[in-house]
Amino acid sequence: MLDRYEALQKNYSFWQYKYGDYVANEPLAAGSYETDVLIIGAGYTGLTCAREIRKEDKNQRVMVLEANDIGFGASGRNGGFNMTLFGVEPEVTLLRWGREKTREAQAYMQQAVQYVKGLIESENLDSDYEHTGMLRIAYTDKQERRLQKTFKLLSDITKPGSFEYLGGEETQRLLNSPHIKGAIYEPETGILDPIKHVRSLKNLAEREGAEIFENTKVISIAKDHAGVVVHTDTAAIRAKKLVIATNAWTHNLKSSPKVANRQAPVWTYQIVTEPLTAEQWKSINWEKRMSIEDNRQLVHYMRITHCGRITIGGGSIGLEYNDKKMNLWKNENTWANLEQHLKWIFPTLSDIKVHYKWGGCVSVNMDMTPEIGFLGDQSIIYATGCIGHGVSLTQLNGKLIADLVLGNNTDLTKFWIVNRNAIPMPPGSMLRYAGTKLIEGILKTIDLYEEGRPKVQNKK
Ligand SMILES: Cc1cc2nc3c(=O)[nH]c(=O)nc-3n(C[C@H](O)[C@H](O)[C@H](O)COP(=O)(O)OP(=O)(O)OC[C@H]3O[C@@H](n4cnc5c(N)ncnc54)[C@H](O)[C@@H]3O)c2cc1C
């Protein structure tokens, strides 16, 4: 196991730190290459896509280039919730896209959760997966009224039994906190260890014959009549098809046609406690180990780790004025707020110590809706806008993109996020920053209104 200080210096997540003994593949050597498919980015999207293409067609040469070690992006630093939330909220999807598309999106996400669970089970992946179910909890009457409306909407668009509403007392029997007024329980969801899972996906892709090169950053993308040419510092790769799976980094890609305006990065932070004692576990009665999100606008997410700790994230987001820098890995205020919030939810844990803290970035677009698009014709495919809910989404997206690459017309490729009419991000850092700051301000105001006063003072 890595030294904790060293891991923090490298901006590793807890999961990377805990499973730090990892040997990366060699970078791509200098030279010229030709391939059928080139994938940029080795997170869940890129690795699943590589595996699915090779699994179906061994004649396709598939190369994957990753700027860091695999899983350095969101895929190796998330909460590990294998969950069905699409975009930011079902109400937002309903408002922008209407009932039928919201129903289809929810069905896609339910399929995505089963895809991940099925993959782990059928391939016996070492991902520490637990199919625990999930609670979405409300702390106040106002939050609860909104939660009941969400429950009604979700129940209307999904098959019976997908969601269950629990009152305050019922919820408190599952989780001993004095602050919970009610909850939506969703049984068909789970939790995994993000870094173990991403490394398992790498093994699967390689087993099928995909070639993965780590610490190999793509500098530029250009398209001509014969396909696509991608450059690293020292290599040129000509590809018939290109998949851009760079998520929150996509705005930094120099490409023609342009992909930079499809999304912007937003940062989210997590902390993990020391292992709880048997007495502490008993005091909070979290025996069923379900994952938890609260019904705030700036949501907190919380779960138990396989090694007997609690990790909590969210609450506040990070926005960088110059988002080309991608350097908001640390946020002491947000980490302190997360610790206070955890102790507020569970007063019996008032002495618990925080063991590790980290941050990561998610891809957000103008209409808060995931997107799979083409640049020009169908030889360049990109996926953006996971909106922080991408553990299941991006893996099924990987399979969907594999279908697009292979020219398969499937139920997946008919999903309406493919080639949708997406609104580009405003040009220039200032407008993007002002826009996202405005949205953050609105969300904070709603939380303030619904909670009466902030449960945890924001120092920012
Ligand atoms: C702290 C945190 C908590 C989260 N919690 C959850 C959760 O509990 N549940 C959930 O559903 N979702 C969660 N998410 C979101 C989820 O992790 C992401 O949606 C998902 O991992 C995105 O996968 P991806 O493969 O598309 O992108 P990533 O995993 O971000 O991969 C993109 C890769 O592209 C590489 N790259 C970028 N630029 C280049 C370049 N020029 N050349 C080569 N490579 C490049 C990056 O290094 C990176 O590895 C969370 C995210 C964060 C940050």
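Arg289 is located in the loop that links helix H8 (278-284) to strand S14 (291-294); helices (H or I, at least four residues) and strands (E, at least two) are DSSP runs numbered from the N terminus. The phi angle of Arg289 is near 60°, a positive value in a residue other than glycine. Pro257 lies in the loop between strand S12 (254-256) and strand S13 (264-273). Most residues other than glycine have a negative phi, and most peptide bonds are trans.

The model is predicted, with local features requiring pLDDT of at least 70 and side-chain atom pairs counted only at pLDDT 80 or more, whereas totals for chains, interfaces and linings use all residues. Residues are numbered from 1 along each chain as its sequence is written, and side-chain values use heavy atoms, with hydrogens and water left out.

The protein is divided into domain 1 (13-78 + 195-262 + 367-425) and domain 2 (135-187 + 264-364 + 426-460), the bounds coming from an automatic or database domain assignment. Taken over C-alpha atoms, the centres of domain 1 and domain 2 are 29 Å apart. The contact (heavy atoms within 4.5 Å) takes 23 residues from domain 1 and 27 residues from domain 2.

Between them, domain 1 and domain 2 bury about 2,100 Å², 68% of it on carbon and sulfur atoms; buried area is the accessible area (1.4 Å probe) that two parts lose on being put together, summed over both. In domain 1, the most area is lost to domain 2 by Phe14, His251 and Met425, together 31% of what that side buries. Nine residue pairs, both members at pLDDT 80 or more, are in polar contact between the domains (N or O atoms within 3.5 Å; within protein, one must be able to donate a hydrogen and the other to accept it, and residues adjacent in sequence count only if both atoms are side-chain atoms). Helix H2 (residues 14-18) supplies four residues, the largest share of the side of domain 1 that touches domain 2.

The ligand is surrounded by 38 residues, the closest being Thr45, Glu66, Ser75, Gly79 and Val391, where a residue counts if one of its heavy atoms lies within 4 Å. An N or O atom in the side chain of Ser75 is 2.6 Å from an oxygen atom of the ligand. For Asn68, a polar side-chain atom lies 3.0 Å from a ligand oxygen atom, while a polar backbone atom of Gly80 is 3.3 Å from an oxygen atom of the ligand.
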